Amino acid sequence: MVDYAVPSRRALLKSAALSTAGLVASPALGKLPAGPSWSGDPFSLGVAAGAPSLDGFVLWTRLAPDPLAAGSAGGMHGPSQPIAYEIATDDSMHHIVQHGAALAEAEFGYSVHKQVHGLRPGRPYWYRFTSGRAQSTIGRAMTLPEHGADKLRFAFFSCSHYEYGYFSPYRHAAEENPDFGIFLGDYIYEYADKRRPTVRTHSGGKECVTLAEYRARYTQYRLDPNLRFLHATTPSLATWDDHEVQNDYADKWGEDFQDPKAFLERRAAAYQTFYEFMPVKPVFSRPHGPNMRLYDRYDFGDLMRVDMIDGRQYRSREACYGDPAKKEGHGGGGHQETPAACLELLDASRSMIGLAQEKWLFEGLATSKAKWNLIANDVLMARLHQKNPAGEDAFWTDDWDGYPASRTRLMLHIAASKPSNPVVITGDIHSFWANDLKVDFDDPKSPTIASELVGTSITSYGPPYELFNTFLPNNPHVKFFDSRKRGYVMVDLTRERLSARYQVVSDITDPNASLSTLASFVVEDGKPGPVAA
Ligand SMILES: [Fe+2]
């Protein structure tokens, strides 16, 4: 962790549980308009902080006095609504260092994205919002540290499907007091599962397509107390994967062979809702139709650079998409392919993240002065030789195996530009992995040049454990695999080593599930490749 005065767990629990009903006590708010009189808690969806800079961060909330009201506006109507915010150096909000007005924008579902500046680097802050007599939970934010920081703790998460279980991994992660968390995608799921056992039911009982449907789905997730607690206590960085829009989509290509124009309208609704509900930058990430800039870079002093990449918006269409003979029940999107049967797999012009983002990522890696260089990535990067039903060597087209030329460009760039300690963190595959990354995965002499740590899902079902184990002898760069548990990864970082704990919960159908550590891996400074600890 940075030299942060991390509050005790009790203080965090107390602040996150605070009632919203009290009168506003702060003199800082005296000059603001009295605000409306609320019939319900306008802060029912909680608070969040993210996108830290050296002197600030983004504060988020979304006014929803009646969050489940029909029509998805959370009981809001009329023009944008000014509310007040306060920032303090203590978790009881006694020492307020900044206050002012923020706007809940009608155009974006009365969400607030307050870009804050003027604070000190490398420390936590606490904040709350006020409107009329209603006051939000107190949340914790952070600023990025300056050069010289020597410790960080962060968690990474992926794949929280509301229907399959309770979000106890989010609560356990928050209780470990990380400095921040990283969402790697599938923060929501767009469909409703009619096939597998569920303990909760998705809003509307069907797949989201419209803005109202995506808003109702995010509202349902944000009413989950564990997720709300995580956001209030833990600032976050976020990228997305496919299920924020639709399973296995690529750019404008959906998995159901939709007309790309119709799919882009759906993508616009989904991206707008992501923006409305996440603590992302208000100008930089503001959506424009179906386009939204999410990939971004964060420097934690010279200790760690984090490149948050977007693996969906700019990717080439999945290889051999749209061949009904190949669809295996998926329509478009991911499926197994053999290079012999799908020459498009090897087309060097195809890219996982688009050539412009590749250029941005490569420049960031080449110029980084950071001791650790993290790439926050949605889908499996290491090669995974699978066997198709015919027993042939095959690859999954939706992850980096479907874009081998793009991956090779990245690996060659890392090998040539030699950023210090490159580490890829990954979600999507609902299982833990620890992988060596190489320029040529099929050459045993190809040196390991980077590490990949893959976290399991928060609740989503894992891939078949026995089947995937049969793939491992053909994938010697895979040091660890387990798909049987749900949880997250907690990382403690120093200048000397990255230590990752693969944290698992006892049972996602138990709201009081307990926590344990399944495995631990370290990456030592200067020695690429995760090693069991
Ligand atoms: Fe997922």
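This is a predicted model: local features need pLDDT of at least 70, side-chain atom pairs count only at pLDDT 80 or more; totals for chains, interfaces and linings use all residues.

Reader: How many helices and strands does the protein chain have?
Author: There are 8 helices and 25 strands.

Reader: And what share counts as buried?
Author: 53% of the 533 residues.

Reader: Switching to domains. Where is the chain divided?
Author: Domain 1 covers 1–146 and domain 2 covers 147–532. The contact between them takes 39 residues from domain 1 and 37 residues from domain 2.

Reader: Which elements give two or more residues on the domain 1 side?
Author: Helix H1 (9–17) does, along with strands S1 (47–53), S2 (56–62), S5 (111–116) and S8. S1 gives the most, with 6 residues. By class, that side of domain 1 has 23 nonpolar, 12 polar and 4 charged residues.

Reader: Tell me about S8. Which residues sit on each side?
Author: S8 spans residues 139–142. Gly139 and Ala141 are on one side, Arg140 and Met142 on the other, and all are buried. In a regular strand the side chains alternate between the two faces of the sheet.

Reader: In what sense do S6 and S8 pair?
Author: Antiparallel, over 4 bridges, with S6 running through residues 124–131.

Reader: Which residue in S8 is the bridge partner of Trp126?
Author: Arg140. Arg140 is also one of the buried residues of S8.

Conventions
Residues are numbered from 1 along each chain as its sequence is written. A residue is buried if 20 or more other C-beta atoms lie within 10 Å of its own, exposed if 12 or fewer, and partly exposed in between; C-beta atoms are placed from the backbone. Two strands pair if DSSP finds at least two bridges between them. Domain bounds come from an automatic or database domain assignment. Two residues are in contact if their C-beta atoms, placed from the backbone, lie within 7 Å. Ala, Val, Leu, Ile, Met, Phe, Trp, Tyr, Cys and Pro count as nonpolar, Asp, Glu, Lys and Arg as charged, and the others, Gly among them, as polar.
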